[in-house]
Amino acid sequence: MLLAAAGMLAVAAIANTSAGPPAGGREPGMSQSVDTSASTDGTRHQRQEWGAALATLERGRRIFRFDTFGDEAFWGGTLRLHEAIEGARFGGVGPGLTPAAALGVGLKVDADALSPATLDAIRRGRVNLNDPAVTLALLEANAVVGVSARRARDGGLQSVGIQCALCHSTVDNSVVPGVGRRLDGWPNRDLNVGAIIALAPDLSAVANLLQADQQTVRTVLASWGPGKFDAQLFLDGKAFRPDGKTAATLLPAAFGLAGVNLHTYTGWGGVAHWNAFVANLEMHGQGTFIDSRLNDAARFPVAARAGFAEVRNDPDLTTSKLPALQFYQLSLAAPKPPRGSFDAAAARAGKDVFNGAARCATCHVPPIFTEPGWNMHTAAEIGIDDFQSTRSPDERYRTTPLGGLFTRQKGGFYHDGRFPDLRAVVDHYNSFFSLSLSERQKRELIEYLKSL
Ligand code: HEC
Ligand code: HEC
């Protein structure tokens, strides 16, 4: 039965190979110019242009979902993570990663990569979720969102790599919890990145980078918890805030970014800057990354030591992918909340509160909900501490775009999730800006935020 299930999964194939148009957000004028019959050279030329743009979009989607930029050399080659996934039975170490354990650390399964028969078996509970061999079959089917691994001849794994989708996609749970269709750009707030990295049998490379011992690294990884990752740790080596809590930040939305100037919670740069940063410095892909601001031993001791200000690999597997990757990311509109998930009448009234009495729109300018222009603020301007802002070059917080807030309720709000819900966010602004909002205005404002 176990092997039958594994075998069944192994034959599954990726279904989603068609280059469809982007979901949602198509301008009426745009489809008109695509659909007009090519009766003149002008329109034919225009169709070619749109065709090329859609091909770039599709390429960007593939990169976002499936490209590892050659980071198997790190996750497999250096950390030997694949050995912990396959387990001793397949030549690795330990018990191996069961599908139940994989789902338990928040990994998601892409239903579109599996055959109808496999999905049916999963729905009926007839796939053994306690057998690591099933995990290997899922990996072989390319069904684990953001993780890819090649099978070795002995049935185990050759290596493992990660993709952008690991942290920046989730699934709609349409098959069973954790299994469904991909939702690109939605932060996976169930994902325990620290627990996943801690599976690796050999963390000496991370320990050496941080000039710490492996046990300390494991303690730090365990402190992150679900939905968080610390991108700055590998620059400044700070693992904990002065209050002793983890220095990790929440995984942010990677949709609704078009029109937004600076990205990340502390505004490190534009989308293209951060994409190159992450692909090279965090995922450990093989590419090129240049940012002389990291050549600052006082502020970024780890980065300065490691030479992160100028990383050059030959071959370069990242730079040629940046244009299409950025194009795809900018195409991801913020999703609309499900009907019935907020009180529409109260939300309409809340819009006036947001733009008026509560003065939210002075920074969160609709419809991009961040400043058109330089979207950065000091900690004092928003009434919080400056621990995280001072870990970045501009020492400021970036005004978070508010579209699709409903996708990131889990884990709380603000960069570290310090406000457990929207009520806490509104209460913070109400007291910090002395807004004197009535109970009713607060409620309407919250309904409006839920509607974005
Ligand atoms: C291990 C998890 C992880 C992976 C993998 C990852 N990211 Fe991120 N990403 C984060 C975190 C955490 C942040 C927030 C960092 C910060 O603000 O300091 C972030 C921020 C971003 C942002 C800024 C979003 C905003 O709020 O403006 C973009 C864009 C982004 N990532 C794109 C990518 C791309 C493209 C890839 C693949 C090349 C990728 N990420 C891979 C965790 C990840
Ligand atoms: C002075 C500029 C400014 C004003 C005014 C302002 N915000 Fe913000 N807002 C920010 C910044 C900067 C952040 C990012 C803080 C962080 O991540 O630590 C933020 C974050 C948020 C978040 C968290 C988003 C997330 O995904 O974590 C919400 C919600 C929010 N603001 C709502 C509001 C509301 C409602 C108002 C009006 C009562 C308001 N803001 C007024 C600058 C502002």
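Helices (H or I, at least four residues) and strands (E, at least two) are DSSP runs, numbered from the N terminus. The model is predicted: local features need pLDDT of at least 70, side-chain atom pairs count only at pLDDT 80 or more, and totals for chains, interfaces and linings use all residues. Residues are numbered from 1 along each chain as its sequence is written, while chains are lettered from A and ligands numbered from 1 in the order in which they are written.

**Exercise 1.** Work out how enclosed helix α8 is, then look just past its end.

*Solution.* Start with the cut-offs: a residue is buried if 20 or more other C-beta atoms lie within 10 Å of its own, exposed if 12 or fewer, and partly exposed in between, with C-beta atoms placed from the backbone. Next, go through α8 (residues 132–140): eight of its nine residues are buried, so the rest of the structure largely encloses this helix. Those buried are P132, A133, V134, T135, L136, A137, L138 and L139.

**Exercise 2.** Decide whether P372 is buried or exposed.

*Solution.* First find P372 in the loop between α17 (344–355) and β11 (376–377). Now count: 10 other C-beta atoms lie within 10 Å, so P372 is exposed. For a sense of distance, its C-alpha atom sits 34 Å from that of D243, 129 residues away along the chain.

**Exercise 3.** Find the element that gives the largest share of the shell around ligand 2.

*Solution.* Check α18 (379–382), α19 (422–432) and α20 (439–451), which each give two or more residues.
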